[in-house]
Amino acid sequence: MFFERPDAGETAVLVHIDFQDESEREDSGEFLELVRSAGAEPATLLTGSRGRPDPRSFIGSGKLEEVREALQVHQAELVIFNHALSPSQERNVEQSLKCRVLDRTGLILDIFAQRARTHEGKLQVELAQLEYMSTRLVRGWTHLERQKGGIGLRGPGETQLETDRRLLRGRIKAIHKRLDKVRSQRGQNRRARARAEIPSISLVGYTNAGKSTLFNAVTQSRVYAADQLFATLDPTLRRLEVEDVGPVVLADTVGFIRHLPHKLVEAFQATLQEAAEASLLVHVIDAADPDRELNVSQVEEVLDEIGALEVPTLKVMNKVDLFDSAPRIERNVDGKPDTVWLSAQDGRGLELFEQALTECLADDIIDFDMTLAPAQGKLRAGLHELSAVREESFDEQGHTLLKVRLPRRDFMQLMSRLGERADDYLPQALQQGAVWE
């Protein structure tokens, strides 16, 4: 739209450089997955190592010549870097190689553009693309860096570049307004769920960890799930019944990735807010990935950026079927579920996951016996409506003997609605003023 560049081809020469600084390093295997996810055909992967990037071409003149030779050998028309290039570096490499050059950020944006399905998702991707493009606009219009002129049009005028920048700013402003409306609508929905006291659970994790597969297995949904990076972009929400808790809202969110472009995090704030305001985060981890600890730290970095690091979290070690590990629940020092090992693909351990959700969300479950007189039919009916009755029997005098289990909050609300005193039914140990040994 804004660029006059050689047509992009599908065959690409890939460039991956290892730097001394560990924080700057990228994963070459993940890079290949990103390229394939974008639909390109990797011709060859050129690797090298440097102390720091070359300020002009990022890779230096020697490596640049190697890339030029690879382009000729493989008849490729595209060079993709596994790194973020500055606009000037990208321009210099393009001018030298006479072909299109794409950096890691542009590659991820391209995948996002392909995968966005909802109106909101498309707006978020377009915003990130425009803001990324605005820094590279100057090289797209270098041949038009002159004033408009001609008979009747002489004077300062406006350069084509300035015109385009003005149009770009206008579009970015319009998208921001529409996304603000989306955020407002999402906020209203979350507040409505909070008023109804419906807990929310957000699935988060590194891309391709198996979030959508777990989502489908638990909710019996058909959300798109594939063995590829960023299979899910648009958030999907489903209602789920959790034992002892009742209805909850489960959200499947976009996957994270190492060095996720900051502009993408900003653009996807409306989506990621679901995670920041959740009652519980379920951090899905690919247990078979050798880099899983690094992936976990990258996810936590993004969670920190969106203010979600303090939300209670349950870890799910997924894909135990790949290394034949037994499903299990690991607990913290307080006895609360901390990590669930399972396989979302074949269903092993799903019952343990549901048990862990119950324990994490049902903070105060009361379990006790009740005896009701024949005249207390309303209370008995109310307990049945709450699905709180586990066993029921009757004695010779017509009294109803109940074994009940339910959240204390639901029991208190029922008692208040019927004008009853909860302490008349609760055992001493379960009463609010009880002292525990």
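This is a predicted model: local features need pLDDT of at least 70, side-chain atom pairs count only at pLDDT 80 or more; totals for chains, interfaces and linings use all residues.
Q: How many aromatic pairs does a search of the whole structure find?
A: The search gives 3 aromatic pairs.

Q: What describes a pair of aromatic rings?
A: The distance of the centres and the angle of the planes describe it. Planes over 60 degrees apart count as edge-to-face. Phenylalanine 19 and phenylalanine 58 are edge-to-face, with 5.6 Å centre to centre and 85° between the planes.

Q: Which parts does the pair of phenylalanine 19 and phenylalanine 58 tie together?
A: Phenylalanine 19 belongs to strand 1 (residues 11-19), while phenylalanine 58 is in the loop between strand 2 (41-50) and helix 2 (60-74), so the pair joins parts 39 residues apart in sequence. Phenylalanine 19 is buried, at a relative accessible area of 5%, and phenylalanine 58 is buried as well, at 4%.

Q: Why is the pair of phenylalanine 58 and phenylalanine 81 edge-to-face?
A: The planes of these two rings are at 90° and their centres 6.1 Å apart, so the pair is edge-to-face. Phenylalanine 81 is in strand 3 (residues 78-81), 23 residues from phenylalanine 58, and the pair links distant parts of the chain. Both phenylalanine 58 and phenylalanine 81 are buried.

Q: Where does the charged end of arginine 328 sit?
A: The charged end of arginine 328 is placed over the ring of tryptophan 341, 4.2 Å from the ring centre.

Q: How many residues of strand 5 are buried?
A: Buried means under 20% relative accessible area. In strand 5 (residues 200-205), 6 of the 6 residues are buried. Ser200, Ser202 and Val204 point one way, and Ile201, Leu203 and Gly205 point the other way.

Q: Which strands pair with strand 5?
A: Strand 7 (residues 246-252) runs parallel to strand 5 and is joined to it by 4 bridges; there, serine 200 has valine 249 as its bridge partner. Strand 8 (residues 280-286) also pairs in the parallel sense, over 5 bridges, and in that strand leucine 280 is the bridge partner of isoleucine 201.

Q: Which residues of helix 14 are buried?
A: In helix 14 (residues 408-418) these are Arg408, Asp410, Phe411, Leu414 and Met415. They cover an arc of only 165° around the axis, so they lie on the same side of helix 14. They pack against strand 12 (365-372), helix 13 (377-385) and strand 14 (400-407). The face turned away from the buried side carries Ser416 and Arg417, which are exposed.

Methods
Residues are numbered from 1 along each chain as its sequence is written. Side-chain values use heavy atoms; hydrogens and water are left out. Buried means under 20% relative accessible area, exposed over 50%, partly exposed in between (1.4 Å probe, protein chains only). Helices (H or I, at least four residues) and strands (E, at least two) are DSSP runs, numbered from the N terminus. The arc is that of the directions from the helix axis to the C-beta atoms. Contact means heavy atoms within 4.5 Å. Rings of Phe, Tyr and Trp (its six-membered ring) pair if their centres lie within 6.5 Å; planes under 30 degrees apart count as stacked, over 60 as edge-to-face and the rest as tilted. A charge sits over a ring if NZ of Lys or CZ of Arg is within 6 Å of the ring centre and within 35 degrees of the ring normal. Two strands pair if DSSP finds at least two bridges between them.
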